[in-house]
Amino acid sequence: MNNITETRIKDGFLGQTMVVLSQEQKCKIEANPFFQNLFASAVGYFPNARNHDRSRKNGISEYILLYCLEGEGWITINKKTIKLTPNTSFIIPENTAHKYGSSLNAPWSIYWLHFTGNYAETFYKRFSKYQNEPVKIAFDQTRITLLNTIIKLLDSDLSEEKTELVHFKLTTFLSSLCYSDVLNLNETNDRINLSIIYMKENIGSVLSIDHLAVQAHYSVSRYSELFKQRTGYAPIQYFIRLKIQKSCEYLYFGNMNIKEICNEVGFDDPFYFSRMFKKQIGMAPMQYKKTHN
């Protein structure tokens, strides 16, 4: 980013970029379902924004995201002051009183974004798991590119296609913030993920919970707990689901009979296999084959 030492100028900040949709523009696109679901009504970048501050006693009917790239600043909300530093971000919820401003000694360089729509609350809740705390964000140039693209699109004629594209770019940007923990699996999740890979590689075997726990280097109780947190299923239940999914491939693409498929996916009892198949897929194996061939 540019290290500009000038203070605030009459019409803003030197090098700033911003777009704010007018009421006329909003009315033009308000019927578009993409606009209704998630949309940016204002977005900008303020570099070295000395003396930048805002105070709204009743908040606004939009969510406000502040993303600090350099310098420092503060946000006061719910009687608590939060400090923003480089590579941190915060979302101010709609209709909530707040104040925020740039540090005088180390003015922040920030992207700011106002967004609203049916999906807005969900993104806010995913992002703000820990209320009244800034969220650390690893710098990624892709996010900056997305924000600059949104600015460029909003500053255009906002055709139907561009309106839809703003929605998708904003969804991608917010998703990269709100689901970063899911995208960047930690060591625990990696070990569970490796266990799932192991199951897939041994789909024709009969694996016990004890064997799987040892393979993942956990006790049975800890392994079962972590596995269910990760997948929503108990390990053996998940393994059976993988077997049924694999059997669907054999039924769809091959000519094997039920007994042969049972041998491939590790079921000794064809009747038990058929029962598990119907429970998961909703129809018997041969009915599935006839339906999809």
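1. A crossing of two helices is called right-handed if the near helix is turned clockwise from the far one by less than a right angle. In this predicted model, the crossing of helix 10 and helix 13 is right-handed in that sense.

2. The two elements concerned are helix 10, which spans residues 235–253, and helix 13, which spans residues 285–292; they pack with their axes 9 Å apart and at an angle of about 50°.

3. Sorted by class, the contact between helix 10 and helix 13 comprises five nonpolar residues, one polar residue and one charged residue.

4. Helix 10 also takes part in the second largest pocket, where it gives the most to the lining, with four residues. Helix 12, residues 270–281, is likewise involved, as helix 10 and helix 12 each supply at least two residues of that lining.

5. The second largest pocket has a volume of about 150 Å³, and the residues that line it are Y233, Q237, I240, R241, I244, M276, K279 and Q280. By class, this lining is made up of four nonpolar, two polar and two charged residues.

Definitions and conventions
Residues numbered from 1 in each chain as written. Predicted model: local features only at pLDDT ≥ 70, side-chain atom pairs only at ≥ 80, totals over all residues. Heavy atoms only, no water. Axes fitted to C-alpha atoms, helices over the stretch in contact; angles between N-to-C directions. Nonpolar A, V, L, I, M, F, W, Y, C, P; charged D, E, K, R; others polar. 1 Å grid on protein atoms, 1.4 Å probe; cavity = no way out; pocket = protein on both sides within 12 Å on 5 of 7 lines; lining within 4 Å. Points joined across faces, edges and corners; volume = space filled by probe spheres on them.
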